[in-house]
Amino acid sequence: MNRAIITMLTAVLAFGAVAPAAAAPVVNKGDTAWMFVATLLVIMMSIPGLALFYGGLVRAKNMLSVLLQIFMIFSVVIVLWCMYGYSLAFTGGNAFIGGFDRVLLNGIWDPATAAFSSAATFSKGVAIPEFIFAAFQGTFAAITCGLIVGAFAERARFAAVLAFVVLWFTFGYLPIAHMVWFWPGPDAITDAASLAAATGQAGWLWQQGALDFAGGTVVHINAAVAGLVGAYVIGKRVGYGRESMAPHSLTMTMIGASLLWVGWFGFNAGSALEANDVAPLAFINTLLATAAAAVSWLAGEWIVKGKPSMLGAVSGAVSGLVAITPGCGFVAPMGALVMGLLAGMVCLWGVNGLKRLLGVDDSLDVFGVHGVGGIFGALLTGVFAAPQLGGQGIFDYVSNKMSADPYSIGKQLLVQAEAVGVTIVWSVVVAFIAYKLVDAVIGLRVPQDEEREGLDITSHGESAYHS
Amino acid sequence: MKMITAIIKPFKLDEVREALAELNVQGLTVTEVKGFGRQKGHTELYRGAEYVVDFLPKIKIEAAVDDALLDQVIDTIQTVARTGKIGDGKIFVSDLAQVIRIRTGETGNAAL
């Protein structure tokens, strides 16, 4: 992830002054085609993938409320993304938030001259059309906000969910995305001075050297923490711990998880931003780590609980997907295998031991899977990105090859921990304030009798199933 | 006339229906029900959450029969629906005061 926004007109001029050698980036049809596919895959992950994954896990009376929340969060966030989100996340501003250059997607297309601007990738001289870059990144924002609702499913007021998402997207997601992912692109970098200049314009955590290929911090930790805070603020479901809250359709959940897995190739391999060598690396890592995590979760469950379950298999797969996300373009396949195997076991603990420890009704285990898997994956990325362990190390855009400086696992681990810590603190604070605000104005929860009857009928006036 | 209400295991329904048809029982009403007896329930595990399922799915059969057929019907159900394991179900027998066929207005045994 990354992002460099270069307007054909202005950027070449601006950077040209610094580095006369930089050639105008070229847009390649193959890269562009791949980014279309990747973007569509991420849309499919959200709707219907995530919606069905979550929907199957709730009781039948709340099925439509979950499907609708995810569908509408996706829609609302995409609208906000195009209005101001993209600009604040992916244009230069300060180290914490971007500017207003691209508000209303302004400046990407100039009909008068028929000029379309392009966005930089991770390779010098390679760009993709900025519209598809903006769309691709928009789907990330949308699915991140959608992930949160699993933590307080089955009891939240629909209007409150939407209001919270507007606030958290604006003050939670956008700054973190900017801090972790924004940089002006590699095209202007020719020497130490131009490298420092480019890095200086990047987001704060990017400057620190945090590695997050496809969104371990920005997407998973960020959303999981917001979800956990939500589950805490909104309180437990009526009857939690006393009544059966068994999933109503693990069939739907299996379909949803499988769509997530397929869609995640767009998410992870698409984060290479071009159809180059790194995209297939991210692809095979996403395939392998996920399979490994499904195996290890199921094995662990089989040994500890006595039976291998469908829900265990898909939960394991999702934990592997989450864990490999930040490192998928940096680690070697065998690193991904180890990360996947460990992630399945750690997240199995996340939904059992840790969940009991936290004592919060995180309905669909958003924190147990996405939070634990995300933190674990973000940290291990610092370990397995090491060339000593087969990883790619740090790319040096001055010499245009891997950095000659020795890779320090300890040092990178600290940087990763810093990114994780900043994301957690930021998301906790923003989410807490946003929930309290929404609670005061709208009320986070539906009345108890409506919760008992189910949100489908009482909030939306429709039923998922008719017998 | 007697009303026979039998609770049986769901997978035994077809066998019971066939056996009763051979005895010339003219009609049956079948309902999918849930309940508990000595079999009790089972536990289900979803990630960290464990739920005890108290009510198990069963089939309820209701048949109105002539007194003359009663013993045969009871024997048949008991033989066919039996697996020997706990949870095979029960047969309830009650007196039936009147039966009326709606289409013709026939009553009593003629309406069975």
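## Helix packing, a sheet and a chain contact

Trainee: At what angle do helix 2 and helix 3 of chain A pack?

Mentor: Helix 2 (residues 29–57) of chain A and helix 3 (residues 63–90) of chain A pack at about 150 degrees, with their axes 9 Å apart. That makes helix 2 of chain A roughly antiparallel to helix 3 of chain A. Angles over 145 degrees count as roughly antiparallel, under 35 as roughly parallel, 65 to 115 as roughly perpendicular, and the rest as oblique. Axes are lines fitted to C-alpha atoms, for helices over the stretch in contact, and angles run from 0 to 180 degrees between N-to-C directions. Helices (H or I, at least four residues) and strands (E, at least two) are DSSP runs, numbered from the N terminus.

Trainee: What should I know about the model and the numbering?

Mentor: This is a predicted model: local features need pLDDT of at least 70, side-chain atom pairs count only at pLDDT 80 or more, and totals for chains, interfaces and linings use all residues. Residues are numbered from 1 along each chain as its sequence is written, while chains are lettered from A and ligands numbered from 1 in the order in which they are written.

Trainee: Back to that pair. Which residues of helix 2 and helix 3 of chain A meet?

Mentor: From helix 2 of chain A come A:Ser46, A:Ile47, A:Leu50, A:Ala51, A:Tyr54 and A:Gly55. They meet A:Met63, A:Val66, A:Leu67, A:Ile70, A:Phe71 and A:Phe74 of helix 3 of chain A. Contact requires C-beta atoms, placed from the backbone, within 7 Å. By class, this contact of helix 2 with helix 3 of chain A has 10 nonpolar, 2 polar and no charged residues. Ala, Val, Leu, Ile, Met, Phe, Trp, Tyr, Cys and Pro count as nonpolar, Asp, Glu, Lys and Arg as charged, and the others, Gly among them, as polar.

Trainee: Next, helix 8 and helix 15 of chain A. At roughly what angle do they cross?

Mentor: Roughly 40 degrees, for helix 8 (residues 216–234) and helix 15 (residues 409–441) of chain A, and their axes come within 8 Å. Helix 8 and helix 15 of chain A are therefore oblique to each other. Their contact includes A:Val225 and A:Val229 of helix 8 of chain A, and A:Ile424 and A:Phe432 of helix 15 of chain A. The residues of this contact of helix 8 with helix 15 of chain A divide into 12 nonpolar, 5 polar and no charged.

Trainee: Chain B now. In what order do the strands of the open sheet run?

Mentor: The order is 2-5-1-6, with 4 strands and antiparallel pairing. Strands pair if DSSP finds at least two bridges between them. Strand 2 (29–35) and strand 6 (89–95) of chain B are the edges, each pairing on one side only. The twist averages 20 degrees from one strand to the next. Helix 1 (residues 13–22) of chain B packs on the sheet and touches strand 1, strand 2 and strand 5 of chain B.

Trainee: How many bridges join strand 1 to strand 5 of chain B?

Mentor: 7 bridges join strand 1 (residues 2–8) to strand 5 (residues 56–65) of chain B. B:Ile7 stands opposite B:Lys60, and B:Met3 opposite B:Ala64. Strand 1 of chain B is also joined to strand 6 of chain B by 7 bridges.

Trainee: Last one. How many residues are in contact between chain A and chain B?

Mentor: 13 residues of chain A are in contact with 7 residues of chain B. Helix 11 (310–324) and helix 13 (353–358) of chain A each supply at least two residues of chain A's side. That side divides into 5 nonpolar, 4 polar and 4 charged residues.

Note on methods:
Two residues are in contact if their C-beta atoms, placed from the backbone, lie within 7 Å.
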